[in-house]
Amino acid sequence: MNQIEVCLSTNLFDCYDHKGKIVVVVDVLRATSVVCTMMHNGVKEIIPVKGIEEAREYKEKGYLVVAERNGQKLDFADFGNSPFYFTKDVVGGKTIVYSTTNGTNAITIGKNAEQVIIGSFLNFQAAVDYLSEQKKDILILCSGWKGKFCLEDSLLAGAIAKCLIDSGEFSTKCDSVNASIDLWSLAKVDMKSYLGKVAQRHRLKKLGLDNVIGYCFTMDVTNVVPILKGDRIVPHIVYES
Ligand code: MLT
C-alpha cells in the first residue's frame, strides 16, 4: 500500500524524506492555478526560478517573464500572477520564466524527489488519476505563505489525500494528512463562506486582485498534469478530453 504525507509549509520540507516519492506542489492562490491555466492554454514549457535577480537576467536575455512578489507584478516582468492573463494567444507554444513569492520556491526545493508534479483544483481529477497510475509514495507540499501555514493549500491537500485514500490504493500515518482531510471536510460544506477565513483572499482583495478566487477553486478545468523535467515544467496530458 503506497503512503501519503502532507508537508504544510516549505519551512518543514527538510523534516520529510522525499527520496523516491512524487512531490505534489500545491499553491491554490495563485501559482499552481496559474501553471495549470498556462498548460491548459498550450504553453510549451515554464522555467520556475526562485530569485528575483535570476528572473531579471532571463528578461535581459529576451525571455517572457511572469513574476510577482507580495501579489504585485515586478517592474521588469511582462505579467503579474493572475491566471486570467494567460490565454491561448498569450502563452500558446511559448517558453515562460516564472517567479513568485511562494510557489516557485516550493517547486524548486522539491526537485530531488522522484518526480515533482503540479496540483490545483483546476486539474484535480487528472492529478488524482495520474498519482493512482504511478503507484508511488506521495508527499503533498503546500507552498504556504512565506514559510507559514495557509488554509487554501491545506484544503486542496486534504481533498487530494481523501480521494486517494478512499480509493483503497493509499494509506497514511501522517497527522498533517488527517488534519488536512478534516479541514477539507469542514470547508467543503460551504466553501463560499469558509473562504472568508483565507488570509491570501484578503491580501488579493486589498490589491484588487481577488476576482480570481472563484476560478482558482473550480474543479477539473483541465486534463493536464504539469511535470518538472530538469529545470522546466512541461505538460503531461492524462486523458484526451
Ligand atoms: C505565490 O506563489 O506566492 C502565490 O501564488 C502568490 C500570489 O500569486 O500572489
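The tour below begins at the ligand and then visits several helices, strands and loops.

First, the ground rules. This is a predicted model, in which local features need pLDDT of at least 70 and side-chain atom pairs count only at pLDDT 80 or more, while totals for chains, interfaces and linings use all residues. Residues are numbered from 1 along each chain as its sequence is written, and side-chain values use heavy atoms, with hydrogens and water left out.

**Stop 1: the ligand**

Select the ligand together with Asp27, Leu29, Arg30, Ala31, Glu68, Gly71, Asn81, Thr100, Thr101, Asn102, Gly103 and Gln200, the residues around it (those with a heavy atom within 4 Å of it). By class, this shell has two nonpolar, seven polar and three charged residues; here Ala, Val, Leu, Ile, Met, Phe, Trp, Tyr, Cys and Pro count as nonpolar, Asp, Glu, Lys and Arg as charged, and the others, Gly among them, as polar.

The protein covers 99% of the 260 Å² of accessible area that the ligand has on its own (Shrake-Rupley method, 1.4 Å probe).

**Stop 2: a cis peptide bond**

What kind of peptide bond joins Leu29 and Arg30? The bond is cis, with omega at about 15 degrees. Most peptide bonds are trans. Arg30 lies in the loop between strand 2 (22-26) and helix 1 (31-40); helices (H or I, at least four residues) and strands (E, at least two) are DSSP runs, numbered from the N terminus.

**Stop 3: two positive phi values in loops**

Next, select Asn70, in the loop between strand 4 (64-69) and strand 5 (72-73). Asn70 has a positive phi of about 55 degrees although it is not a glycine. With a relative accessible area of 39%, Asn70 is partly exposed; buried means under 20%, exposed over 50%, and partly exposed in between (1.4 Å probe, protein chains only).

Then jump to Asp220, in the loop between helix 10 (213-216) and strand 10 (224-229). Asp220 is not a glycine either, and its phi is positive at about 55 degrees. Asp220 counts as partly exposed because its relative accessibility is 41%. Most residues other than glycine have a negative phi.

**Stop 4**

Colour helix 5 (residues 124-134) and highlight its buried residues: Phe124, Ala126, Ala127, Val128, Tyr130, Leu131 and Ser132. Just after helix 5, Lys135 takes a positive phi of about 50 degrees.

Which side chain makes a polar contact with the side chain of Tyr130? Select Gln115: the contact is 2.6 Å (a polar contact is a pair of N or O atoms within 3.5 Å; within protein, one must be able to donate a hydrogen and the other to accept it, and residues adjacent in sequence count only if both atoms are side-chain atoms). Gln115 is found in strand 7 (residues 115-119) and counts as buried because its relative accessibility is 18%.

**Stop 4: Glu45**

Finally, select Glu45 in strand 3 (residues 45-48). Glu45 is buried, at 12% relative accessibility, and a polar contact of 3.0 Å joins its side chain to that of Arg232.
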